[in-house]
Structures are given as structure tokens and as C-alpha cells.
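Have a look first, then read on.

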Amino acid sequence: METRPVIYDPNGKPREIYSGVPSFLGLPVAKSKEDLKNYDFAILGVPWEGGCTYGGYSSCVIAPKTIRSVSSRYTGYLPDYDIDTFDSLTGCDYGDTVVQNGNYELTFNSIREKYADIIEGGQIPIVFGGDHSIAYPLIQTLAKKHKKRVGVIHFDAHLDNYPAFGDDLYSRCSPFNRLYQDENMDPTKIVHIGIRGARNHPQERKEARKYGAAVITAKEIKETGYMASIKKALSIAQKDTDVLYVTVCSDVLDGAFNPQGPIDPCGLTSFELAMMVNECAYAGACSFDFVEIYPETSGAHVSAHTGTCLALYFMNGVARNRLEKNQKLNNCSNY
């Protein structure tokens, strides 16, 4: 087994999703759902932006492309845990979903279909958006398979649970309200973590209380520590659930760590977020998304590098979980 991705295919050519865009980490490209069966996880891009809630076009539609491009410098090894993800897991890049500007129905159905290919094949989806509205069709699809038994840990500065943005029910500020009301979801298994700042609206806190969703503020994380906070979140999201979904909006990070995203001061450091995401994966999370970076706001692509690293910390947590389970099985077989 390859312990690290190989940037070039057997013919010496770069692996590409489409012309000029490399696959994530140089992973093999899965062109059909049948190809997925050979892998443990699959990368999926969603180059989508629905209605903007502030200003105009944000450039998040090119985030999957940008993340793939910067990922070429990384491997699966993390010295933090002395584990190489690719010693335990195999992965592929499943390309992007179909999107059409302004067309929620077509775009969300495309997301549901391609994401379903991954979860039905038993792979772990790693999804790069796009704006945060994509969390609704993604988690909704998982919930159809695990009715009322999906736990969600939502890293964000904002609750994203507003009933609607004007007449838009599906904007980036409303996906969790849609999930609160989904017949297959139990909103008491949703934890919003990292919440802070004056870009929130009091109605959003009222909506969380109304439906019983948990809220862990950035203030609480800083006061009690990131590990205590994530363990609290996991205890809520994993109680009486079968699967755990992790969704990350870039602005859970302090603006200093997220220069190509929505700037929100007083947030998490990249270290705190990476450790918490890794802990979620280690605890058994089976799906991950990272959304809301705006690559055109800076040429350095710091936020794209951060998104890449968060995906790697998530996958490494999955690998750590599997390694320890295998070690326990091997120890038992020796008796």
C-alpha cells in the first residue's frame, strides 16, 4: 500500500479532476460510484454559492479548486500523533457536484446524489464547499439513512439557523433551521460550537432554544479549554446516535487565522480547531465538510491551506481510531 499519495499517475502525468486542477493530495480520481469501492474515503467538491447575505459574489465557488491546488504540498503524516493516515486508509477524489447558479433544486439534488454514492459505498466523505447552505442537503441525505440518529457538531461563529433570509429559505444563514425541521433529524443532537460575535442575531439563539439544539460559545471554549469543550459537544451529539457529522465554517477561526474568509475576531486558533476536529474523528465521526473561504480576497491562500490541514487532521483521527481498534483485536487474539 502507498503510505503517501502520489502526485503523478502511472504514465507520469499529474492526476487532475479537470483540466489544470489537480486531485486533492494527488489522490487517484474516482470517475464513477463503482470506482469508490476501492477506497476508504472520498473527496467531494461543491463549487456553489447561493444568495449572498452581505455584499456580492464572495468567490467561495472556487474554493474546492483552490484547496486542491494548495494540497499538493502535503502528506498524510502528522508528527503530533506519529501516524500516517495512508498507512491505514486509502482515498480518492470524486470530483465536484454539478451546480447551476441560482438553482437550489438542481444543485442540491446533485449534492444529494453524489454524496449518497459515497455513503452508500461505505466511504467517509470529505467535502469542500462552497457556502454553508450545502450542509442542509448533505446532512439531510445522511439522516435519511439514519433516521433521528445523526449527531452533528457544527463549528462556526454563527448559528446559521435563521428561519429565512428574506424569501430565501435555503441561504447560508438558514441550513440548520431546515435541519431542525427535517423529519429525519433530532435537533437536540446538534451542537453549535465556537459561536460568538455581533454578526449574530438574537432570533438565532431563540431558534436554538426552541428546537433544543446545544450552543457552546467561543467564550466557554477559551474559559474551560478546547478539549473539555469538544468532549462536552461529543457527549451531546453522540448520545443515542449512530453516526456523527462534522461541519466547519471557516469563520469559527479568529480572523487572524482566516484572512480569506468571513472575518470574525475573538475566535479559535487553527491549533485549537485542528485538535477538536481530530478528536471528533477519533471519537468516530464519519463525515466532514469545510466551507466558506473566499480565495480571491488574497493571493496567499492561508485559508485554503487551513482547510486542507483540517481535512488531514480529521482523516488522521479516523486512522488513529482504526489503528487502536486493530491493536486491541491483535492483543485479544494473543490470549
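How many bridges join strand S8 to S11, and do they run parallel or antiparallel? Six bridges join S8 (residues 150-155) to S11, and the two run parallel.

## Before we start

This is a predicted model, where local features need pLDDT of at least 70, side-chain atom pairs count only at pLDDT 80 or more, and totals for chains, interfaces and linings use all residues. Residues are numbered from 1 along each chain as its sequence is written, and side-chain values use heavy atoms, with hydrogens and water left out.

Strands (E, at least two residues) and helices (H or I, at least four) are DSSP runs, numbered from the N terminus. Strands count as paired if DSSP finds at least two bridges between them.

Seven of the seven residues in S11 (residues 243-249) are buried, meaning under 20% relative accessible area with a 1.4 Å probe, protein chains only. On one side that takes in Val243, Tyr245, Thr247 and Cys249; on the other, Leu244, Val246 and Val248.

## A look at Thr66

Thr66 belongs to helix H1 (residues 63-70). Is Thr66 buried or exposed? Thr66 counts as buried because its relative accessibility is 9%.

Beyond neighbours within four places in sequence, Thr66 is in contact with Pro295, His301 and Ala304; contact means heavy atoms within 4.5 Å.

Notes. Buried < 20%, exposed > 50% of the residue type's maximum accessible area, 1.4 Å probe, protein only.
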